[in-house]
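Dear colleague,

Please find below the structure I am handing over to you, with its sequence. My findings follow directly after it.

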Amino acid sequence: MYAREVQLSMSGRRKKEKQKKFFDYSLLFLIIFLLGFGLVMLYSVSAYEAQSEFGDATYYLRHQMRNILIGLVFMAITTVIPYQWWKKLWVSRGVYAISFLLCLAVIVVGSDANGSQRWLEIGPISFQPSEIAKVAVIIYLAAVLSRMPKQIKDFKTILKILIRVAPIIAAIAVSNLSTAIIVAGICVLMMFVASPKYSHFLVLGILVVAMGAIFILTQSYRSNRIMAWLHPEDYPDQSYQTLQGLYAIGSGGLFGKGLGSSIQKLGYVPEAQNDFIFSIICEELGLFGAICVILLFVLLIWRFMVIANNAADLFGSMLVVGVLSHISLQVILNLAVVTNSMPNTGVILPFISYGGSSMIILLAEMGLVLSVSRGIRLDSDYPTQ
């Protein structure tokens, strides 16, 4: 009897040892490395313009470091909070509702910057509600999809979900079409992963393209962007930034001119620290540096896939898929714009471009993914690599 009790005790101890909690340190390292690389490139790209405009070469660097520190605090908070908390009905709906109201507020009382009304100002704080909408939609959709895993195969269910998120997409599209496209893309990709029937998304794709065409035709400046993309030489004013970015990419060659040696950043590429920072990376670090940056994002997405595949429940998996969709779409759109593969949309490169709201929200999303990774139970069959 005693031997049997000892055997059961040892068996239980082994089981506990096998079911240790997991934390994705590889993902954390990639995030920190991308942030560090982004700070180096941001200072290299922005020092000249910051000195010219503000008399301080570190102006953009200091503000970006502040944004990163705030973002890391949010990342730590969302990492520590058990991700299942966000699934609660009042939490997921509340986050969505607040985000929707903030996007409506932008239309009414939003502040204008660089010709776009995308910011809300509350005292000394200025932020973009459209960035908050990205993570709000991810949380809300993950909660909805995790409650109806079988119904999602019905096309009517897909339409019902789209009707729920259509108001916030429309509110964003009024002043920020590029972000609306990203939010719509996140929704479609999350449903695509959850649904066993892929044929439904062919019809959905046609509807999305039709809606995009309507939004483009309703505003003349959007139509002009299409023409400037197709014939950049004929529209030198509208396509000036794109052409200068292409000159930067072409002059970088295989290994680039060297860190800090860019010519195009000296006032030729407008706002180079934002949307077009990748073109200066190509000029200074060449094709080799550009491929290394792309590989870093590929590794980041791979870690997302590992966590999503091994998440403890469907809600956690959908959360990670939503963040994966956001990062993937934003990287692809930014690189496509910089290389003139699509019209200029004003999408920044995650973790590297200068940004306040976008950086803080990105790091908060990374906290959600790390929280999901903490919920994974290790056993002998878990693929940690």
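Phe29 is placed in helix H2, which covers residues 25-54. Please bear in mind throughout that this is a predicted model. With a relative accessibility of 54%, Phe29 counts as exposed, since the limit for that class is over 50%. Along the chain, Phe29 and Leu300 are 271 residues apart, yet their C-alpha atoms are separated by 9.8 Å.

Val106 belongs to helix H4, residues 89-109, and is buried, its relative accessible area being 4%. From Val106 to Gln128 there are 22 residues in sequence, and the distance in space is 8.5 Å from C-alpha to C-alpha. Gly110 is found in the loop between H4 and strand E1 (111-113). Gly110 has a relative accessible area of 17% and is therefore classed as buried, the limit being under 20%.

Salt bridges

The structure contains 5 salt bridges, and I describe some of them here.

Lys134 and Glu131 are joined through their side chains, at 3.2 Å from N to O. Both residues sit in helix H5 (residues 129-147), and because they are 3 residues apart, about one helical turn separates them. In an α-helix there are 3.6 residues a turn, so residues three or four places apart point the same way. Lys134 and Glu131 are both buried.

Lys257 and Glu283 form another salt bridge, with 3.1 Å between the closest N and O atoms. Lys257 is in the loop between H10 and H11, whereas Glu283 is in helix H11, so this pair ties together parts that lie 26 residues apart in sequence. The two partners fall into separate accessibility classes: Lys257 is partly exposed at 36% relative accessibility, while Glu283 is buried at 0%.

Lys265 and Glu284 also meet in a salt bridge, again described by its N to O distance, which is 3.1 Å. This pair links distant parts of the chain, 19 residues apart, with Lys265 in the loop between H10 and H11 and Glu284 in helix H11. Lys265 counts as buried, having 8% relative accessibility, and Glu284 counts as buried at 1%.

Surface patches

Which residues form the positive surface patch? Arg93, Arg147, Lys156, Lys160 and Arg164 make it up. Helix H6 (residues 155-173) supplies the largest share of this patch, namely 3 residues. Lys156 is located in helix H6 and is exposed, with 60% relative accessible area.

There is also a nonpolar surface patch of about 780 Å². Its members are Leu254, Phe255, Leu287, Phe288, Ile291, Ile294, Leu295 and Val298. Leu254 is placed in the loop between helix H10 (240-252) and helix H11 (277-309).

Backbone angles

Most residues other than glycine have a negative phi, and most peptide bonds are trans. The phi of Asn340 is near 60 degrees, a positive value in a residue other than glycine. Asn340 is placed in the loop between helix H12 (314-338) and H13. Phe351, likewise not a glycine, has a positive phi near 70 degrees. Phe351 lies in the loop between H12 and H13 and is buried, with 2% relative accessible area.

Helix H13

How many residues of H13 are buried? The count is 17 of the 18, so the helix is largely enclosed by the rest of the structure. H13 runs through residues 357-374 and reaches 26 Å from its first C-alpha to its last, which is close to the 26 Å expected at 1.5 Å a residue.

With kind regards

Methods
Residues are numbered from 1 along each chain as its sequence is written. This is a predicted model: local features need pLDDT of at least 70, side-chain atom pairs count only at pLDDT 80 or more; totals for chains, interfaces and linings use all residues. Side-chain values use heavy atoms; hydrogens and water are left out. Helices (H or I, at least four residues) and strands (E, at least two) are DSSP runs, numbered from the N terminus. The expected span of a helix is 1.5 Å times one less than its number of residues. Buried means under 20% relative accessible area, exposed over 50%, partly exposed in between (1.4 Å probe, protein chains only). Patches are made of residues with over 30% relative accessible area and no salt bridge: like charges are joined within 9 Å, nonpolar side chains (Val, Leu, Ile, Met, Phe, Trp, Tyr) within 5 Å. Accessible areas come from the Shrake-Rupley method with a 1.4 Å probe; for residues, only the protein chains shown count as cover. A salt bridge is a side-chain nitrogen of Lys or Arg within 4 Å of a carboxyl oxygen of Asp or Glu. Lys and Arg count as positive and Asp and Glu as negative; His and the chain ends are not counted. The place of a charge is taken as NZ of Lys, CZ of Arg, CG of Asp or CD of Glu.
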